[in-house]
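Visitor: I am new to this structure and would like to learn how to read it. Please take one feature at a time.

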Amino acid sequence: MRVQIRENSIEIEGYVNAVCRDSRVLIDRRGKFVEQIQAGAWQRALERENEVRLLFNHDNKRQLGSTKDNVELWEDNIGLKIRATISDEEVIECAKENKLTGFSFGFFANKQKYEPVNENLERRYIEDLKVTEVSLLSKKPAYFGTQVEFRDD
């Protein structure tokens, strides 16, 4: 993720998720698993949504914007890409202090399948989903490849 610090805002651009790549090891009622969002799932999800909100750390009370105003979301050949301009003072301060760590997302799986990796781990493939939000994080993301790079003007 690229972060440009402006006078009263930050501009961010990067990947919320890289498709067909494993998450960190996660745990649910089934046990340990990694998951992958399949190519095309993000595009289908975005086509069905009128608006996707950008939150800070998955906090519904900390909306930073949405696709109706300051956020662009699209799927390319790498994954779900985001571009946004954020004017939240706390987030700007986190950016200045190098405390932004990446992106995450909330979703419901519409279509998924599991395959064993080994006797202690499964791989969950998300083939179709409903995106509920994307989040800018100041904590560890569940997926690799969403780390932050900073650039001052």
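Visitor: Is Gly79 buried or exposed?

Guide: Buried means under 20% relative accessible area, exposed means over 50%, and partly exposed is in between, with a 1.4 Å probe and protein chains only. Gly79 has 0% relative accessibility, so Gly79 counts as buried. This is a predicted model, in which local features need pLDDT of at least 70 and side-chain atom pairs count only at pLDDT 80 or more, while totals for chains, interfaces and linings use all residues. Residues are numbered from 1 along each chain as its sequence is written, and side-chain values use heavy atoms, with hydrogens and water left out.

Visitor: Where is Gly79 found, and which residues does Gly79 touch?

Guide: Helices (H or I, at least four residues) and strands (E, at least two) are DSSP runs, numbered from the N terminus. Gly79 is in strand S8, residues 79-86. Contact means heavy atoms within 4.5 Å. Not counting residues up to four places away in sequence, Gly79 touches Tyr15, Asn17, Ala18, Val19 and Trp74. Between the C-alpha atoms of Gly79 and Arg29, which are 50 residues apart along the chain, the separation is 28 Å.

Visitor: Where does Trp74 lie, and what is in contact with Trp74?

Guide: Trp74 belongs to strand S7, residues 71-75. Its relative accessible area is 25%, so Trp74 is partly exposed. With neighbours within four places in sequence left aside, the contacts of Trp74 are Leu46, Gly79, Leu80, Lys81, Ile82 and Arg83. From C-alpha to C-alpha, Trp74 and Ala45 are 10 Å apart in space and 29 residues apart in sequence.

Visitor: How is Glu47 placed, and how many Å separate Glu47 and Trp74?

Guide: Glu47 lies in helix H1, residues 41-48. Glu47 counts as exposed because its relative accessibility is 59%.

Visitor: What does the radius of gyration say about the chain?

Guide: The radius of gyration is taken over C-alpha atoms, and the globule rule is 2.2 Å times the number of residues to the power 0.38. For 153 residues, a compact globule would have a radius of gyration near 15 Å, and the 16 Å of the chain agrees with this. Along the principal axes, the C-alpha atoms fill a box of roughly 50 × 30 × 30 Å. Of the 153 residues, 47% count as buried. Among contacts with a separation of 6 or more, 67% come from residues 24 or more positions apart.

Visitor: What should I know about a nonpolar core?

Guide: In soluble globular proteins, nonpolar side chains tend to be buried together. A nonpolar core is a set of buried Ala, Val, Leu, Ile, Met, Phe, Trp, Tyr and Cys residues joined through side-chain atoms within 4.5 Å. The largest one here has 35 residues, and Ile10 and Leu136 have the most contacts inside it. Strand S10, residues 121-137, gives the most to this core, with five residues. Leaving aside neighbours within four places in sequence, Ile10 is in contact with residues including Val3, Ile5, Ala84, Ile86, Val91 and Leu100.

Visitor: Which residues other than glycine have a positive phi?

Guide: Cys20 is one of them, with phi near 60°. Cys20 lies in the loop between strand S2 (10-18) and strand S3 (26-28). At a relative accessible area of 39%, Cys20 is partly exposed. Asn57 also has a positive phi, of about 55°, although Asn57 is not a glycine. The loop between strand S5 (53-56) and strand S6 (59-66) holds Asn57. Asn57 is buried because its relative accessible area is 19%.

Visitor: Where is Glu7, and is Glu7 buried or exposed?

Guide: Glu7 is in the loop between strand S1 (2-5) and S2. Glu7 counts as exposed, with 70% relative accessibility. Glu7 and Ser87 are 80 residues apart in sequence, and their C-alpha atoms are 9.6 Å apart in space.
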